[in-house]
Amino acid sequence: MPRFRAALLAVLAAAPLLVACGEDGGPVTLGWYVGQESSGAYREIARRCTDASAGRYAIRLEQLPRSADAQREALVRRLAARDRTVDLIGLDVIWTAEFAGAGWLRPWDAERATAVSRGVLAGPLATATYRGRLWAVPFTSNTQLLWYRKSRVPAPPPTWDRLIDTAELLPAGQGTFAVQGGRYEGYTAWVAALLASAGTGLVADPEDPDRARADLAPGPAARALGVVSRLARSPVAGSGLSVATETESSDLVLSGAAALTVAYPTLYAAARADAPDLLADLGWARYPAVLAGVPSRPPLGGLNLGVSSYSRHPGPAFDAAACLRSAAHQQLAAVRGGLPPTLELVYDVPAVRAQFPFAVLLRESIAAAAPRPATPAWSDVSLAVQQVLHPPASVDPERAVPELRRRIDDALASQALL
Amino acid sequence: MSRPGGPPAPAGTRPRPIGAAPGRPATRRRRRRRARSAWWLIAPAVLTMLAVTAYPVLYACWLSLQRYDLRFPDQRGFVGLDNYAAVLSAPVFWTDLGATLVIAGIAVAIQLVAGFGIALTLRRAVVGRRAVHAALLLPYGIITVVAAFAWQYAATPDLSFVSDRAWLAERWSSFAVVIATEVWKATPFVALLLLAGLAAVPEELLETAEVDGASAWQRFRQVLLPGIRPVLLVVLLYRILDSIRVFDTVFVQTDGANGTETLSLLAYDQLAGRLNLGLGSAVSVLLFALSAGTALTFLLVFRADLRQLARREER
């Protein structure tokens with residue numbers, strides 16, 4: 001595509017000039033496109049970085065929709081059209097390979113990469129890395145814990161199977177085990193966490209497009225999918241499992257119907273705000289395991305900050321990204337917005353401990369979490385998972401594994417309809 | 001105005017003398033000038049239409065012949081009909097086509113029957129006609145996404161004011177919700193158009209039939225139905241074309257879960273979700289072909305009826 005290359009060259013050639021102009025004529029404006037955050041933490045952090053830049057740049061917060069899928073679509077539309085108002089991108093951890101592969105992100109140079117990697121938890125750092133380069137800087141992280149009603153399940157067992165047993169013994173209307181079984185990325189995250197906990201994964205060699213293929217070791221994969229199939233067919237799943245997202249799970253907990261759920265810590269914040277009576281009865285534990293004696297690998301979420309290839313001001317943008325994710329600002333995001341940090345030390349700050357009484361478990365879970373495979377075709381793989389394994393009650397573990405393998409191989413080739 | 005292939009000119013219009021030239025030179029010149037200025041007048045509209053419809057359609061056709069995935073920019077290239085082969089050999093395409101036809105077929109059938117019923121009732125309405133018409137148009141005026149959410153809430157346990165069943169958790173009950181939404185939204189449109197059609201059936205004709213001893217069913221079958229047949233066909237065509245492309249209701253309510261994915265949702269997934277412009281365009285082009293094929297078939301099969309309607313409008 002010579003025209004594309006010419007345009008890119010023109011942008012690259014013009015960039016330093018434009019930066020220079022900006023520096024002479026007051027601060028350059030950096031558009032930071034990121035999903036909506038209701039506490040105002042992002043806005044405050046952007047303001048502080050603007051102030052700290054001493055007139056070099058001003059960050060303009062551009063809010064994207066709430067759902068990750070909608071955010072991605074909005075960003076993709078802009079980037080595919082080479083929108084030059086996008087400077088900083090708030091990237092869900094699963095987008096790094098895709099955006100880097102499409103040429104929409106500027107890689108961090110070695111010097112900057114070393115500086116911003118220091119003290120970052122390994123899992124979050126891995127989600128910002130693709131093919132040996134750093135494409136974004138980890139800002140916030142996230143993982144799921146097991147949440148339970150202490151009055152109903154005094155000592156939650158560590159595996160899915162035994163948790164389902166426990167829930168099935170509870171009286172009707174109190175024993176729901178709320179899981180995200182709707183047809184969306186959250187369901188794929190659950191499946192991926194189950195597979196990782198059983199010792200296998202969705203994709204082998206994800207970072208090499210020529211060698212990437214379905215992983216799914218037959219025995220462990222069937223064990224993992226057995227959890228989906230068993231829970232979906234149990235009365236404790238509740239009738240809305242196949243359409244449940246985080247919102248529905250959280251509603252089930254707050255309304256008192258659920259005894260157990262797997263959820264991000266936002267659940268705790270929601271309980272504190274909307275159901276304070278329930279808070280004292282809400283316990284937390286490590287994400288459930290598939291195999292007895294083998295620790296679980298919880299799902300890993302979070303947000304990384306990348307610099308757009310089409311930014312007119314890459315220099316200030318890199319500096320701004322580094323500022324936004326500083327320890328002080330991660331602390332602010334944690335305390336005000338309830339967003340778990342990616343810098344290990346921030347978990348020891350007393351204010352953060354107060355926000356997350358489960359901070360130690362959270363850090364430990366993030367360290368043990370399994371990132372979803374870093375392939376540019378991730379959204380295809382996720383779609384394949386949703387097509388083969390949805391609705392959850394239809395899953396037949398023995399038959400689903402070969403079918404899923406075939407569909408994931410198709411997805412990685414990105415040439416079949418999904 | 002008579003046209004080729006039409007019925008003989010009705011009495012009163014001046015027949016053209018056999019063998020005479022079509023008008024004197026001055027008239028002909030004037031006519032040509034008028035034709036030319038007519039072209040100038042419609043040119044902006046035609047150009048705009050070409051720019052906003054023909055160009056995107058042709059561009060989509062061109063994209064559908066390429067391997068073009070935004071995530072793998074280096075692999076872009078012409079692949080002929082490969083994308084179509086991939087689409088047509090994928091079971092998901094046929095499942096989605098089935099879901100599309102189920103939704104469109106059932107929804108349009110109910111819309112027609114219910115719309116006809118409402119139109120027949122309104123025809124008899126003596127008082128408050130305007131108010132009823134306005135009220136009838138409300139569902140049609142409400143944004144589809146809003147309507148879709150309202151019905152979604154109605155079908156969700158705990159939020160519902162209707163029932164405690166998780167309607168959207170299974171395939172056929174999901175179809176029921178989607179179809180109910182579509183019916184609720186489009187029936188008023190059908191009813192009002194049919195009502196306009198009914199107004200063209202002369203009241204005396206019905207009275208005569210009644211005096212002659214025709215039963216209500218006979219009057220409906222043999223007087224009313226033939227009278228509004230052309231309008232009915234146009235309404236049917238509109239509704240079918242609209243329903244084949246059903247997107248927003250399904251997108252909001254199930255996002256294609258439980259086997260409710262339609263073709264337009266499939267195209268959207270390939271384009272906006274997977275960034276696979278080649279495959280997505282192939283699905284879009286096939287969907288376009290389906291709509292265009294339906295419309296063309298309609299125009300060919302019901303040519304006579306539609307011409308009758310056009311004549312009626314000219315009067």
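1. A residue is called buried when its relative accessible area is under 20%, exposed when it is over 50%, and partly exposed in between (1.4 Å probe, protein chains only). By this rule A:D109, with a relative accessible area of 39%, is partly exposed.

2. The model is predicted: local features need pLDDT of at least 70 and side-chain atom pairs count only at pLDDT 80 or more, while totals for chains, interfaces and linings use all residues. Residues are numbered from 1 along each chain as its sequence is written, chains are lettered from A and ligands numbered from 1 in the order in which they are written, and side-chain values use heavy atoms, with hydrogens and water left out.

3. Chain A contains 18 helices and 13 strands; these are DSSP runs numbered from the N terminus, helices being H or I with at least four residues and strands E with at least two. The radius of gyration of chain A is 22 Å, which agrees with the value near 22 Å for a compact globule of 418 residues. That radius is taken over C-alpha atoms, and the globule rule is 2.2 Å times the number of residues to the power 0.38. Along the principal axes, the C-alpha atoms of chain A fill a box of roughly 70 × 50 × 30 Å.

4. Of the 418 residues in chain A, 59% count as buried. Where contact means heavy atoms within 4.5 Å, residues 24 or more positions apart account for 76% of the contacts in chain A with a separation of 6 or more.

5. A:R112 takes part in salt bridges with A:D109 (3.8 Å, N to O) and with A:D319 (3.0 Å, N to O). A:D319 lies in helix α13 (residues 314-324) and A:R112 in helix α5 (residues 110-117) of chain A, so this pair ties together parts that are 207 residues apart in sequence. A salt bridge here is a side-chain nitrogen of Lys or Arg within 4 Å of a carboxyl oxygen of Asp or Glu. A:R112 is partly exposed at 28% relative accessibility, and A:D319 is partly exposed with a relative accessible area of 26%.

6. A further salt bridge joins A:D205 and A:R213, whose closest N and O atoms are 2.9 Å apart. A:D205 is partly exposed at 28%, and A:R213 is partly exposed at 39%. Salt bridges that share partners also join A:R72, A:E98, A:D380, B:D69, B:R71 and B:R274 into one network. Over all chains, the count comes to 31 salt bridges.

7. A:S365 belongs to helix α16 (residues 359-368) of chain A. With 0% relative accessibility, A:S365 counts as buried. Leaving aside residues up to four places away in sequence, A:S365 touches A:T143, A:L145, A:R286 and A:P298.

8. Some backbone features deserve attention, given that most residues other than glycine have a negative phi, and most peptide bonds are trans. A:H390 and A:P391 are joined by a cis peptide bond, with omega about -5°; A:P391 is in the loop between α17 (378-389) and α18 (397-413) of chain A.

9. A:A54 has a positive phi, near 55°, and is not a glycine. A:A54 sits in the loop between α2 (41-52) and β2 (57-64) of chain A, and is exposed at 70% relative accessible area. In chain B, the non-glycine residue B:D255 also has a positive phi, about 50°. B:D255 occupies the loop between α9 (248-253) and α10 (263-273) and is partly exposed at 32% relative accessibility.
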